[in-house]
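Trainee: Please walk me through reading a model like this one. I would like the general idea each time, then the case itself.

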Amino acid sequence: MSDVKVLLDESEIPTHWYNVVADMKNPPAPPLGPDGKPVSPEMMMAIFPGNILEQEMSAQRWIPIPEPVREIYRLWRPSPLCRARRLEQALGTPAKIYYKYEGVSPAGSHKPNSAVAQAYFNKQAGINRLTTETGAGQWGSSLALAGQMFGMEVRIYMVKVSYQQKPFRRSMMQTWGAEVLASPTNLTNAGRAILEKDPNNPGSLGIAISEAVEEAASRKDTNYALGSVLNHVLLHQTVIGLEAKKQFAKIGEYPDMVFAPCGGGSNFGGAAFPFLADAAAGRKVRAVAVEPTSCPTLTKGHYAYDFGDQSGYTPLMLMYTLGHDFMPPSIHAGGLRYHGDSPLVSQLYKEGIIEAVAVPQIATFEAGVRFARSEGIIPAPESCHAIRAVIDEALRCKQSGEPKTLFFNLSGHGHFDMAAYDKYFAGELEDYEYPEEEIRNALERLPKVAA
Ligand SMILES: *Cc1c(COP(=O)(O)O)cnc(C)c1O
């Protein structure tokens, strides 16, 4: 019997993160302020520490992972690379399917890879308090964990409906010592303005971001942490792909294609960017970002400057976007409902370096259940998107007889998403294509920026 898992020693946890900017054809477009001029570092310094802003703007290929961060990574890293042989057999495909399992982290997803790094760099900069927002609770629980590891206070603005409907993620955050508030609150101007108009407002990610940013900007002892989209977050996530490359080298394999679900782009960037370094050096490897048809940012969005949040508080970023006022349909892959995408992922897509595909909701759950029934692990609804695309490719290999090596990032487990699986089994899920007309209309509402 050949092995299922390819494991690394703790000493093999990468010592540096990989910065894809060093291998990009064109420099990334700068974020712009409301006046259309590049934002000044001073503006960003109100909510982020200098060491993180340096990473955000760096073009250096390798950035050292501080030893205290590697120390925390050791609690669950290196994560296993697994061969999905039972799934291959169930599909009858000649393709080899490998996945990196990030659900082994305490929070159950890849998100702590950046949360731990962000908590550390803030602590180094003398900050002892962090705010953030969370929807379903994946990012909030990761930052709660990270704050606890470095003895920091963490306050989380959790979208009110999720606070009421997903009590167990809230319990996790509280177990790790964070304070969790149902947003909108009456503690911020942004929250009060909403509540005055509508005391029963259910909240949204956009409102929660506004509250967390407002508080961080107004307090000297407090900074803000974001769970995806920004360059430094994708940088931290490259431990995923860097470990995977070592694991493939151990067994003398190399993927033809790399897949990952793509919301804000952090786990996709983390898994795929280290392979793009090889692609830049001439090696053949394709990277595919997988998104929902209900939120088709890369495949159907506009490449334009847009705000990162609903209220228009953040700088403008050049990215694929469905418009900052995009109302996400209530699909169950909460982590994939963002209106924009990482500027780095967006630029690489625009330049034709990476690919993207959109898949409908019901087919993603069908793929997730198939995966669970052959490999055991119940994937997060977000991860099911990558599994769908991998299964589709494996079935194409079955047709063509090509023994491709397929690799995907299993970004998290679905243990807190069983209500969504229940709905799938009850036949209550719907497929939803985001209407072309809405996408055209969004173009008119994009902020005007001189090209
Ligand atoms: C948040 C999340 C995602 C999507 O976020 P990205 O920044 O695009 O990685 C994907 N999978 C899981 C399990 C998540 O929690």
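Trainee: Which element gives the largest share of the shell around the ligand?
Mentor: H13 does, with three residues. Helices here are DSSP runs of H or I of at least four residues, strands are runs of E of at least two, and both are numbered from the N terminus. A residue counts as near a molecule if its C-beta atom, placed from the backbone, lies within 6 Å of it. The model is predicted: local features need pLDDT of at least 70, side-chain atom pairs count only at pLDDT 80 or more, and totals for chains, interfaces and linings use all residues. Residue numbers start from 1 along each chain as its sequence is written.

Trainee: How many residues surround the ligand, and which are the closest?
Mentor: The shell has 19 residues, and Ser 228, Ser 266, Gly 335, Glu 382 and Gly 412 are the closest. H13 and helix H17 (381–400) are the elements that give two or more residues to this shell.

Trainee: How do the residues of the shell divide by class?
Mentor: Learn the classes before the counts. Ala, Val, Leu, Ile, Met, Phe, Trp, Tyr, Cys and Pro are nonpolar; Asp, Glu, Lys and Arg are charged; the others, Gly among them, are polar. The shell around the ligand has 12 polar, five nonpolar and two charged residues.

Trainee: Now the domains. What does the domain assignment give?
Mentor: Domain bounds come from an automatic or database domain assignment. Here domain 1 is 5–12 + 65–108 + 232–445, and domain 2 is 112–226. Their centres, taken over C-alpha atoms, are 24 Å apart. Domain 1 puts 23 residues into the contact, and domain 2 puts in 23 residues. Two residues are in contact if their C-beta atoms, placed from the backbone, lie within 7 Å.

Trainee: Which helices supply the side of domain 1 that touches domain 2?
Mentor: Helix H3 (67–73), helix H11 (231–237), helix H12 (239–250) and helix H13 (266–280) each supply at least two residues. H3 gives the most, with four residues. That side divides into 12 nonpolar, 10 polar and one charged.

Trainee: What describes two packed helices?
Mentor: The angle between their axes and the distance between the axes. Axes are lines fitted to C-alpha atoms, for helices over the stretch in contact, and angles run from 0 to 180 degrees between N-to-C directions. Under 35 degrees counts as roughly parallel, over 145 as roughly antiparallel, 65 to 115 as roughly perpendicular, and the rest as oblique.

Trainee: At what angle do the axes of H16 and H17 cross?
Mentor: The axes of helix H16 (residues 361–375) and H17 cross at roughly 85 degrees and come within 8 Å. That makes H16 roughly perpendicular to H17. Phe 365 and Phe 371 of H16 are among the contact residues, as are Ile 387 and Ile 391 of H17. The contact has eight nonpolar, three polar and two charged residues.

Trainee: And how do H5 and H6 cross?
Mentor: Helix H5 (residues 112–124) and helix H6 (residues 138–149) have axes that come within 8 Å and cross at roughly 40 degrees. They are therefore oblique to each other. H5 passes H6 in a right-handed crossing. A crossing is left-handed if the near helix is turned anticlockwise from the far one by less than a right angle, and right-handed if clockwise. The contact includes Val 116 of H5 and Leu 143 of H6. It divides into eight nonpolar, three polar and no charged residues.

Trainee: Is the crossing of H6 and H8 left-handed or right-handed?
Mentor: Left-handed. The axes of H6 and helix H8 (residues 167–175) come within 8 Å and cross at roughly 15 degrees. H6 and H8 are therefore roughly parallel. Gly 140, Ser 141 and Ala 144 of H6 meet Arg 169, Met 172 and Met 173 of H8.

Trainee: Last, the backbone. Where is the peptide bond cis?
Mentor: From Arg 77 to Pro 78, omega is near -10 degrees. Pro 78 sits in the loop between H3 and strand S4 (81–83). Another cis bond joins Ser 183 and Pro 184, with omega about 10 degrees.
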